[in-house]
Amino acid sequence: MNFEKVHSNQGECLRGLLKIYPKLFHDSRGFFQESWNKKNWDAALKAQNQLPKSFVQNNHSRSKKGTLRGLHYQLDPNPQGKLVSCINGKIYDVAVDLRRDSETFGSWAGLELSSENNIQFWIPSGFAHGFLTLSKQADVIYNVNEYWDKSSERSLNFNDKKLDIDWPIDYLNDAEIELSNKDKRAPFLDEISNEDLF
């Protein structure tokens with residue numbers, strides 16, 4: 001596996017985010033991929049001054065084209081880090097820095113994840129996360145290092161003008177963006193109290 005730091009929309013490095021290129025072994029039958037290795041994973045996180053923490057839950061979502069899930073995050077005492085992969089189709093995956101003491105607070109980074117590029121995105125706690133489905137259908141897998149907890153969960157509006165996230169709407173052609181009711185009602189960054197940030 002190769003690990004690469006991730007830069008924001010403004011070009012600065014977003015501390016903690018990692019773009020991961022798993023090694024693929026191809027032959028006439030297809031390919032084999034080691035999608036996670038604890039030893040390599042722990043070493044990569046320690047190199048980023050992050051404390052390795054075991055994954056406790058694996059989630060799988062299937063979405064049709066135009067579905068936007070997010071932006072979601074969990075606060076203490078259950079802050080989630082997520083290792084995100086798209087195993088079928090294509091998504092645009094976004095992380096927004098919500099750490100109040102961070103020099104990059106409010107900055108975002110986006111990566112295209114697909115079953116063709118096999119890239120993984122590590123999003124530690126302290127970031128909001130969401131994705132837009134670009135293909136007809138997409139299956140997204142994400143390992144998390146804390147259990148989902150409704151009382152700790154928060155949302156951030158995907159269309160916040162202050163964040164100015166460059167969602168690749170062009171990919172959708174005639175498809176409309178579809179949101180859950182919760183995501184439609186999500187607050188903008190200026191409406192979120194300090195107690196609901198990191």
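This is a predicted model: local features need pLDDT of at least 70, side-chain atom pairs count only at pLDDT 80 or more; totals for chains, interfaces and linings use all residues.
**Briefing: a helix across an open antiparallel sheet**

Helices (H or I, at least four residues) and strands (E, at least two) are DSSP runs, numbered from the N terminus. Residues are numbered from 1 along each chain as its sequence is written, and side-chain values use heavy atoms, with hydrogens and water left out. Local features need pLDDT of at least 70 and side-chain atom pairs count only at pLDDT 80 or more, whereas totals for chains, interfaces and linings use all residues.

**Overall architecture**

- The protein has 2 helices and 13 strands.
- For 198 residues, a compact globule would have a radius of gyration near 16 Å, and the value of 16 Å for the protein agrees with this; the radius is taken over C-alpha atoms, and the globule rule is 2.2 Å times the number of residues to the power 0.38.
- Along the principal axes, the C-alpha atoms fill a box of roughly 55 × 45 × 35 Å.
- Of the 198 residues, 50% are buried, where buried means under 20% relative accessible area, exposed over 50%, and partly exposed in between (1.4 Å probe, protein chains only).
- Among contacts with a separation of 6 or more, 79% join residues 24 or more positions apart; contact means heavy atoms within 4.5 Å.

- Trp-41, Asp-42, Ala-44 and Leu-45 are the buried residues of helix 1.
- Seen down the axis of helix 1, these buried residues fall within an arc of 165 degrees, so they line one face of the helix; the arc is that of the directions from the helix axis to the C-beta atoms.
- These buried residues pack against strand 1, strand 2, strand 7 and strand 10.
- The face turned away from the buried side of helix 1 carries the exposed residues Lys-39, Lys-46 and Ala-47.

**Strand 6**

- Strand 6 (residues 68–74) includes Leu-71.
- Because 6 of its 7 residues are buried, strand 6 is largely enclosed by the rest of the structure.
- Strand 6 runs antiparallel to strand 11 (residues 127–133), and 3 bridges join the two; Leu-68 has Leu-132 in strand 11 as its bridge partner.
- Strand 6 also pairs with strand 13 (residues 153–155) in the antiparallel sense over 3 bridges, with Tyr-73 opposite Arg-154 in strand 13.

**Backbone exceptions**

- Most residues other than glycine have a negative phi, and most peptide bonds are trans.
- The peptide bond from Gly-70 to Leu-71 is cis, with omega near 10 degrees.
- A cis peptide bond also links Asp-76 to Pro-77, with omega near 10 degrees, and Pro-77 lies in the loop between strand 6 and strand 7.
- Asn-49 has a positive phi of about 60 degrees although it is not a glycine; this residue is found in the loop between helix 1 and strand 5 and is exposed, with a relative accessible area of 74%.
- Asn-118, in the loop between strand 9 (108–114) and strand 10, likewise has a positive phi, near 60 degrees, but Asn-118 is buried, with a relative accessible area of 13%.

**Gln-80 in the loop between strands 6 and 7**

- Gln-80 lies in the loop between strand 6 and strand 7 and is buried, with a relative accessible area of 11%.
- The side chain of Gln-80 reaches the backbone oxygen of Glu-146 at 2.8 Å.
- Leaving aside neighbours within four places in sequence, the contacts of Gln-80 include Gln-74, Ile-123, Pro-124, Val-144, Glu-146 and Trp-148.

Definitions and conventions: Two strands pair if DSSP finds at least two bridges between them. A polar contact is a pair of N or O atoms within 3.5 Å; within protein, one must be able to donate a hydrogen and the other to accept it, and residues adjacent in sequence count only if both atoms are side-chain atoms.
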